[in-house]
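Please inspect the sequence and the structure before working through the solutions.

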Amino acid sequence: MGITTAFSTEEPLGGSVVLTKLEAAINWSRKYSFFLYPFATACCAMEFMAVGGPRYDLDRFGAALPRFSPRQADLLMVVGTITHKQAPILVKVYNQMTEPKWVMAFGVCAVSGGFYDNYATVQGIDTLIPVDVYIPGCPPRPEMVLDGLMKLQEKVTKEKWSDWPRGPAPVKMKC
Amino acid sequence: MSTNVTLDKLSRQFPRSVVETHTHRGDATAIVRKDEILAICRFLRDDPELAYDFMMDLTAVDYLGKEPRFEVVYHLYSLSKNQRVRIKARVPEADCTIDSIVSIWVAADWFEREVFDLYGIIFNGHPNLKRLLLYEGFEGHPLRKDYPLKKRQPLIGPLN
Amino acid sequence: MTDNKAFQAWVGTLPADKLKPKKVRKNIELSLWERVYLIEVLRGLAITSRHFFGNLVGFVVPPKGKKRKIPTVYYPEEKAVMPPAYRGRPTLVANADGTERCVACGLCEKICPAFAISIVGDERQDGSRYPGSYTLDLSRCVFCGYCEEVCPKEAIVMSEEYEGLCTTRRGDMLYTKEQLLKPVDQLQKRIDYVRRIYAKCNY
Amino acid sequence: MTDSAKNLHTEQMVINMGPSHPVTHGTVKFTVTLDGETIDDLKVDIGYLHRGFEKMCENGTWEQVMPYTDRLNYVSPLINNVGYALAVEKLFGVQAPERCQYIRVIISEMARICDHFTNIAAGAMEVGAMTVFLYFVEARDLLWDLLEELCGARVTANYVRFGGVKNDLPEGFGAKTAQAFETCRKLWVDVDKLLTKNRIFIDRMRDVGTMPAQEAIAHGFTGPCLRASGVPYDVRKAQPYLVYDQMDFEVPVGETGDNFDRYLVRMEEINQSMRIVEQALARIPRGPINLDMPALRWQSKDDTYNRIEALIFHFKTVTEGVKPPAGEIYSAVEGANGELGFYLVSDGSGKPVKCRVRPPCFPLTAAMPRMMRGRLIADIVPTFDMINMIGGECDR
Amino acid sequence: MIADLTETIVKILFIFSINVGFYAPILGWVERKQSALMQDRVGANRANIFNFKIIGLFHPIADAVKVLTKEDFIPEGADKFFHTLAPFLSLTPAIVTFAVIPFGGAYELWGHPVKLVIADLNVGMLFIFAFASLSTYGVVLGGWSSNNNWSLLGGLRASAQMLSYEVAMGLTLIGVFMVYGSLRLTDIGMIQENFFRWGIFMQPLGFVLFFTCAIAENKRAPFDQPEAESELVAGYFTEYSSMKFVMFWMGEFLEIVTISGIVTTLFFGAWHLPFVTDQMLVSFFAGAGPNGAALLAMLVNVVVFFAKVSFFIWLMMTIRWTLPRFRYDQVMRLGWKMLLPLALINIFITGIVLLV
């Protein structure tokens with residue numbers, strides 16, 4: 001059923017009208033219907049509630065349907081601090097997610113470990129999984145989150161077939 | 001000696017093990033020897049006049065450079081007398097053990113596991129003394145003053 | 001079910017009128033009619049459909065003063081106005097002639113809990129100090145406002161900027177001096193606010 | 001187990017409600033051994049949000065610890081700020097001016113209202129009533145706007161300082177608060193109608209996760225969960241701090257200590273806190289909001305700009321941090337989940353030797369296995385929400 | 001013969017386009033928009049082609065296309081055949097049951113009698129019950145075959161719940177059949193021509209019981225234990241992604257439409273306006289000639305029928321977002337200890353009323 005695998009094996013057909021038209025249409029649809037996996041751990045979860053709340057409605061962008069099963073989710077929103085004890089779980093969830101998947105680092109702790117530069121905190125989740133959008137702020141205002149979501153939407157529109165599938169996270173379990 | 005009724009009763013009851021008492025900034029404090037901690041706590045809880053039925057907090061402090069190095073601190077609260085007391089027991093680094101008071105207050109279970117996890121003080125008689133906050137493969141006890149702040153032991157290696 | 005008479009005793013040390021314990025459980029016994037789920041379903045539907053139709057009508061005839069009844073702010077089109085106290089991205093204040101006010105004293109670098117600021121001081125010919133390089137790592141900054149509070153020269157203030165800070169590459173968040181500099185007239189509102197809240201009359 | 005079920009060879013199923021499960025808010029792992037749907041044993045594993053708070057405090061000056069206290073109970077950050085500032089002031093043996101105490105009472109109560117809003121919202125959402133979640137998030141947004149106007153940030157306010165607060169109340173704060181409270185009360189009534197008499201909600205919450213008063217004390221319960229068991233212990237009444245003794249408010253007390261009582265106690269506390277804020281706003285005196293004591297509080301900008309001695313002393317206090325006299329104190333504040341205690345040890349230098357936080361939701365989570373044995377797996381949801389375990393506070 | 005064939009094919013195409021083509025995607029949009037309006041927020045409204053937004057109607061299309069191109073994942077250790085079969089088993093009954101529901105009366109078109117129902121079986125309701133129990137297999141197979149603890153629990157809960165509520169549903173409808181004396185839905189529709197013989201007046205208790213059992217049968221709103229997000233991650237469709245996951249959803253939406261159709265037919269005077277009989281309608285449009293009048297009357301009846309169906313869909317959606325979720329054992333207790341006895345009492349009373 002997955003159309004992606006069929007196309008990516010051939011040599012991409014360059015800018016042929018058929019493909020780009022289809023590609024643009026599919027990217028347009030992916031842009032406006034993210035199924036969210038809220039990997040919420042710390043204080044940013046409060047701001048994540050406010051973004052999903054009535055004032056700054058995440059659902060306007062079609063992205064507010066939280067799917068807690070990684071199989072059905074597209075956008076992994078890492079919301080809050082990731083500690084070393086939590087890191088293997090984050091990588092496992094990322095690997096379980098089905099292809100076209102995107103990762104959004106929500107808040108300074110996810111981007112770089114924030115001001116917890118110590119023995120317990122992972123210094124930025126891009127040391128574990130590839131990240132598409134970084135949102136600074138501790139916690140970021142809902143406007144910054146929607147700003148980040150729009151930046152991700154722009155990035156999605158410019159993607160090509162050959163970008164997918166990305167495959168599992170490039171980091172290996174230590175022991 | 002202070003005018004605090006708890007400290008008076010305590011020092012009269014356990015003259016040998018109560019080393020010193022003071023009420024700095026209004027907090028009644030008693031420093032005791034660590035081997036009689038179980039009897040003291042049971043007395044504090046069961047004595048009708050004191051009735052300390054809440055174990056509010058249990059923690060440890062690392063005075064690197066002083067001997068004995070660690071100090072386990074108990075904060076108790078009496079609901080009916082509306083009074084607080086702080087019991088401190090000094091623990092040397094060489095013999096880093098103290099009796100567990102889980103048998104007196106059930107709340108102490110997790111507090112002691114956390115102090116063991118972060119300071120390495122062993123509580124004798126604790127039902128399952130395992131790491132609480134950190135993960136199994138973590139060596140060392142981070143809240144000790146000699147543990148470097150940024151010594152990381154990641155479970156899953158950083159990419160770059 | 002232990003009633004709390006046993007614990008009423010300790011209230012003795014605290015007069016009951018001061019403590020004013022208030023029982024919360026009195027009026028929750030369900031009448032027979034509520035034991036059948038129907039009444040509760042209808043009451044719930046009444047509330048939610050009141051919101052539903054209120055908001056539906058609220059689109060057509062919005063209440064006075066607002067564009068629509070729903071409190072939603074359509075972010076990219078409508079932007080909420082920030083109160084003067086809001087702490088956005090830290091920015092360096094540039095004097096009228098473009099030179100920065102900062103004299104590279106390093107207080108903000110020292111107080112920053114996230115070690116996000118790093119300054120390399122330098123001297124001009126006339127002996128006045130200025131920061132050769134001033135980098136602020138926005139991926140570490142937690143917007144706590146301490147740098148603005150301790151700066152003795154009013155050189156760094158929290159602007160009201162909160163848009164356009166997201167990036168697709170982590171490296172872009174390292175702001176150099178040029179990116180941080182902002183002319184003084186844009187930040188005058190914030191500088192006056194800082195001066196007012198830390199004025200002598202508050203101490 | 002009925003006898004026929006005994007000779008049926010049924011094994012138990014071990015389920016791992018891992019940290020990234022909708023009910024565990026991402027920071028707790030339950031290893032549940034199930035027999036069908038009933039829980040035989042529940043092991044709780046926390047520490048997934050242990051960010052090394054104490055280690056960071058020991059490596060920073062006394063002021064740099066203040067932003068970290070925001071991230072302890074991040075649902076009501078201002079209560080942690082006030083608690084920490086009171087502890088350091090107790091270490092110094094000083095007291096903040098009258099107006100500042102009133103401001104601190106106002107912001108603590110507002111933070112408590114936000115905490116109860118968030119907790120009941122999350123509890124109702126996980127039991128299935130999504131609409132209640134959004135009503136209370138909308139109400140909380142209104143209060144966050146007020147706090148943003150006052151402190152500058154919505155969640156991590158970093159607003160309180162030793163011996164005072166960062167800035168004074170903006171003009172028209174009283175009027176805006178009254179307006180916000182009016183909408184909040186309307187939404188409160190909506191939610192009360194939706195949930196309190198709702199038979200489905202009552203069936204899900206009543207007699208679930210019951211904790212009788214005697215055992216609640218042994219387990220170290222404090223706050224709404226202890227009051228739900230019938231013990232009227234509230235630090236604001238038992239050992240009044242700031243100006244709480246001049247405020248007139250009631251302490252809601254439950255009877256059986258089950259989830260429904262906890263829900264009712266929290267709903268009632270929202271009303272009481274609103275009453276306190278209104279009283280405090282009505283009686284707030286004029287006057288300075290900071291203590292004019294350079295050794296405790298950074299001096300005013302007028303001094304540091306103009307007088308060289310003030311500037312030199314400013315440099316000293318900022319670089320080396322405030323120097324409280326050597327000693328140790330324990331100061332307790334009524335947090336949203338219970339008694340939030342700060343145990344500070346100072347040796348006279350600029351860095352704290354020990355900055356211990358007594359987390360109110362830590363013993364509550366420890367009692368989860370006791371409350372859940374023998375119940376159904378669906379009971380974990382309301383119980384875990386009603387004890388309101390906050391990752392930042394429980395794991396520090 | 002050819003006329004009958006063409007007529008049935010036209011009706012099938014009409015119903016299929018209305019149901020699967022219009023209602024399935026629109027219900028996804030309705031659920032998000034309606035829940036948004038109820039919760040003081042705005043639903044999805046930013047998907048635009050050449051910034052032409054039409055209040056978010058592009059979002060269901062965006063969802064559908066995106067889900068089509070998602071990686072289709074079968075967990076290892078899962079039983080491939082049943083894993084793929086399950087969504088179809090839960091979707092087809094929902095579509096097929098609409099065949100028996102009349103959406104209009106009987107008319108005379110160009111001398112050829114037209115009955116607006118695809119299959120006018122005289123055992124209409126029995127047909128619906130048969131297919132309703134088929135969808136239970138879809139859910140149970142889906143839960144069991146995905147080799148995942150959560151879906152196993154979800155599947156078990158679903159099977160127990162659907163079976164016990166089918167029993168209750170069957171018993172509640174016996175009262176209706178006793179009153180109308182036939183299982184054929186078109187007859188029931190015809191009898192309800194005059195307003196006072198509407199099902200809601202004849203069988204008020206029957207309506208309430210049936211509506212609750214139908215919601216439980218469809219695993220929605222207060223009875224959605226099988227896919228309770230907060231307890232069992234995503235219930236029986238935890239391991240399903242892309243198109244198969246959406247099939248489960250479409251099955252659920254179509255069952256909503258079918259249930260609304262049954263409720264309107266049995267209790268709310270199928271395709272009739274309150275005090276308007278078919279003859280009055282045809283005579284009202286007499287001006288446009290016999291065929292024109294029949295066509296217009298047919299149109300009015302169909303519109304009335306689907307308006308009533310949409311009202312019930314709105315009602316079900318509102319219930320979904322208002323009420324909290326039962327606990328699993330409470331669902332069972334409600335099903336067996338409350339609805340079943342009430343259904344029996346209902347039959348008993350109807351019996352007495354009919355005899356006296």
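The exercises below treat a predicted model, and each is followed by a worked solution.

**Exercise 1. Chain contacts**

Task: Identify which chains share the most contacts, and state how far apart the closest C-alpha atoms of chain B and chain E lie.

Solution. 
- Step 1. There are 9 pairs of chains in contact, and among these the most contacts are shared by chains C and D.
- Step 2. Chain B and chain E are not joined by any contact; their closest C-alpha atoms are 24 Å apart.

**Exercise 2. The interface of chain D and chain C**

Task: Describe the contact between chain D and chain C by its residues, its buried area and its salt bridges.

Solution. 
- Step 1. Chain D contributes 78 residues to the contact, and chain C contributes 62 residues.
- Step 2. Between them the two chains bury about 6,400 Å², and 58% of this area is on carbon and sulfur atoms.
- Step 3. The rule finds 5 salt bridges across the interface of chain D and chain C. A salt bridge is formed by the side chains of C:Arg50 and D:Asp190, with an N to O distance of 2.6 Å.
- Step 4. On the side of chain D that touches chain C, helix α6 (residues 130-151) of chain D gives the most, with 7 residues.
- Step 5. That side of chain D comprises 33 nonpolar, 18 polar and 27 charged residues.

**Exercise 3. Strand pairing**

Task: Determine which strand of chain D is joined to strand β1 of chain C, and give the strand order of the open sheet in chain C.

Solution. 
- Step 1. Strand β1 (residues 21-23) of chain C and strand β6 (residues 251-253) of chain D run parallel and are joined by 3 bridges. Within this pairing, C:Lys22 has D:Pro252 as its bridge partner.
- Step 2. In chain C, 3 strands form an open sheet with antiparallel pairing, in the order β3-β4-β6.
- Step 3. Its edge strands, β3 (117-123) and β6 (174-175) of chain C, each pair on one side only.
- Step 4. Strand β4 (residues 129-137) of chain C is joined to β6(C) by 2 bridges, and C:Asp137 has C:Leu174 as its bridge partner in β6(C).

**Exercise 4. Burial of a residue**

Task: Is E:Glu31 buried or exposed?

Solution. 
- Step 1. E:Glu31 is located in helix α1 (residues 2-38) of chain E.
- Step 2. The relative accessibility of E:Glu31 is 11%, and the cut-off for buried is under 20%.
- Step 3. E:Glu31 therefore counts as buried.
- Step 4. Leaving out residues up to four places away in sequence, E:Glu31 touches E:Arg220, E:Phe253, E:Met317, E:Arg320 and E:Trp321.

How values were computed
Residues are numbered from 1 along each chain as its sequence is written. Chains are lettered from A and ligands numbered from 1 in the order in which they are written. This is a predicted model: local features need pLDDT of at least 70, side-chain atom pairs count only at pLDDT 80 or more; totals for chains, interfaces and linings use all residues. Side-chain values use heavy atoms; hydrogens and water are left out. Contact means heavy atoms within 4.5 Å. Buried area is the accessible area (1.4 Å probe) that two parts lose on being put together, summed over both. A salt bridge is a side-chain nitrogen of Lys or Arg within 4 Å of a carboxyl oxygen of Asp or Glu. Helices (H or I, at least four residues) and strands (E, at least two) are DSSP runs, numbered from the N terminus. Ala, Val, Leu, Ile, Met, Phe, Trp, Tyr, Cys and Pro count as nonpolar, Asp, Glu, Lys and Arg as charged, and the others, Gly among them, as polar. Two strands pair if DSSP finds at least two bridges between them. Buried means under 20% relative accessible area, exposed over 50%, partly exposed in between (1.4 Å probe, protein chains only).
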